[in-house]
Amino acid sequence: MADLTGWSRNTVAAKLANLIHEGWIQEAQEARGDRGRPKVLYRINPKAALVLVARFDADVIGCALCTLDGRIAISEERRMQGDLTAEQTVAELDNMLGRMTETSGVPRVLVRTIVIAVPGPVSGMTRTVPWSRVGVLPADLGARFGMNVVIENDANLMALGMRMEFDPCVSLLFILVQTGIGAGLALPGGLHRGLAGWAGEIGHIPVAAAGETPCICGNRGCVAGIAANPALMRQFARPERPISTVEHMERLVQDGDTQAIMALREAGRNLGEAMTGLVTGLAPDVIAVGGRIARLGDHVITGIRESLALRTPPALSSQIRFAACDDHYIRLTRGAAELALDVMVDGRAG
């Protein structure tokens, strides 16, 4: 630490002692130095502060209080009744935070940062697109809650959380298939968000099979129109067997329905087509796929592999590792905790 900061050993020792006294740092283990001098390793105390992680998913608001290493202490979900105004969103989050701290007996002052995960591009970590159920959130949330508030795309947080399972130098592309299709790109230096937060919105990339299907973004032929959950449910449905829920779709696949399995494989191929330029240009080490479809075997990943093998250089596609994320909300919470720690340490999200 002295070498990195340029401070004297006494100054480092004094500052470290203060952080230990305040509960932010704790001893991790004891090891011996190269020349026999005992060396003590320290780490951040994950219980020094709590993070409120709020996620907006379709018609549900989910909140969790977690430690700095992403472990969930208590969580709660509430169903949204229609779209929320900005004021209703703030009030609902405040109510849920109050109930969770009261139920768990945790002092509210221990909650130091709020991370809000939203399904859509986020500009300046304060605003989200009008077509999401969250709409445009007020810029003064930090002042209203009396703490740091960060708004981030949900797939970005999942990418951060998933990358923790790999080497820190790995670049990871996280594909999230739900009502829409998004992606998060976690690089060794942090998240890549792009212009106005639009990096990773691969659901709005046109593919040949989508034809002239209109999209909510204003364009036509976007891959989300044929490969996201609502489109898959339409493909699974038959006149004698209407499909209205993702759970019904999951049961068909688990029961070995050939039409359903082939629809998932084709959705993967279309996703692979949409991802071709991104994968070729960025060459990620790992591609992870999350969402309910990730629990249904490797059908979608197989389709993505097939498409990328046809459209990208073999020297690239043969080396990319693929991973199915069967619980993307756990990764979201871990990613949110990592982002919150960055904000608490240096005042900005990485």
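**View 1. Ala283, in the loop between α9 and β13.** Ala283 lies in the loop that links α9 (258-282) to β13. Helices (H or I, at least four residues) and strands (E, at least two) are DSSP runs, numbered from the N terminus. Please keep in mind that this is a predicted model, in which local features need pLDDT of at least 70 and side-chain atom pairs count only at pLDDT 80 or more, while totals for chains, interfaces and linings use all residues. Residues are numbered from 1 along each chain as its sequence is written, and side-chain values use heavy atoms, with hydrogens and water left out. The phi angle of Ala283 is near 50°, a positive value in a residue other than glycine. With 37% relative accessibility, Ala283 counts as partly exposed; buried means under 20% relative accessible area, exposed over 50% and partly exposed in between (1.4 Å probe, protein chains only).

**View 2. Ala196 and Gly189, in two loops on either side of β12.** Ala196 sits in the loop between β12 (190-191) and α6, and Gly189 in the loop between β11 and β12. Phi of Ala196 is near 55°, again positive in a residue other than glycine. Ala196 is partly exposed at a relative accessible area of 39%, whereas Gly189 is exposed at 79%. Gly189 and Pro168 are 21 residues apart in sequence, and their C-alpha atoms are 9.3 Å apart in space.

**View 3. Confidence along the chain.** The mean pLDDT (the predictor's confidence in each residue, from 0 to 100) is 87 for the chain, and 91% of the residues score at least 70. Confidence is highest in strand β13 (residues 286-290), with a mean of 96, and lowest in strand β8 (residues 127-128), with a mean of 59. Where pLDDT is low, the predicted coordinates should not be read in detail.

**View 4. The largest nonpolar core.** This core holds 41 residues, and Ile175, Ile181, Phe236, Leu271, Met275 and Ile287 have the most contacts inside it. A nonpolar core here is a set of buried Ala, Val, Leu, Ile, Met, Phe, Trp, Tyr and Cys residues joined through side-chain atoms within 4.5 Å. Elements that give two or more residues to it include β10 (172-177), β11 (181-187) and α10 (299-311). Helix α9 gives the most, with eight residues. A second, separate core of 32 residues includes Ala49, Leu172, Leu191 and Ala336.

**View 5. Helix α7 against α8.** The axes of α7 and α8 come within 10 Å and cross at roughly 55°. Axes are lines fitted to C-alpha atoms, for helices over the stretch in contact, and angles run from 0 to 180 degrees between N-to-C directions. That makes α7 oblique to α8; angles under 35 degrees count as roughly parallel, over 145 as roughly antiparallel, 65 to 115 as roughly perpendicular and the rest as oblique. Asn229, Leu232, Met233 and Phe236 in α7 meet Val246, Met249, Leu252 and Val253 in α8, where contact means heavy atoms within 4.5 Å. The buried residues of α7 are Asn229, Ala231, Leu232, Met233 and Phe236, and they pack against β10, α6, α8 and α9. Leaving aside residues up to four places away in sequence, Phe236 touches residues including Arg241, Ile243, Gln259 and Leu264.

**View 6. Helix α9 against α10.** The axes of α9 and α10 are 6 Å apart, and the helices pack at an angle of about 45°. That makes α9 oblique to α10. Among the residues making the contact are Ile261, Leu264, Gly268 and Met275 of α9, and His299, Gly303, Ile304 and Arg311 of α10.
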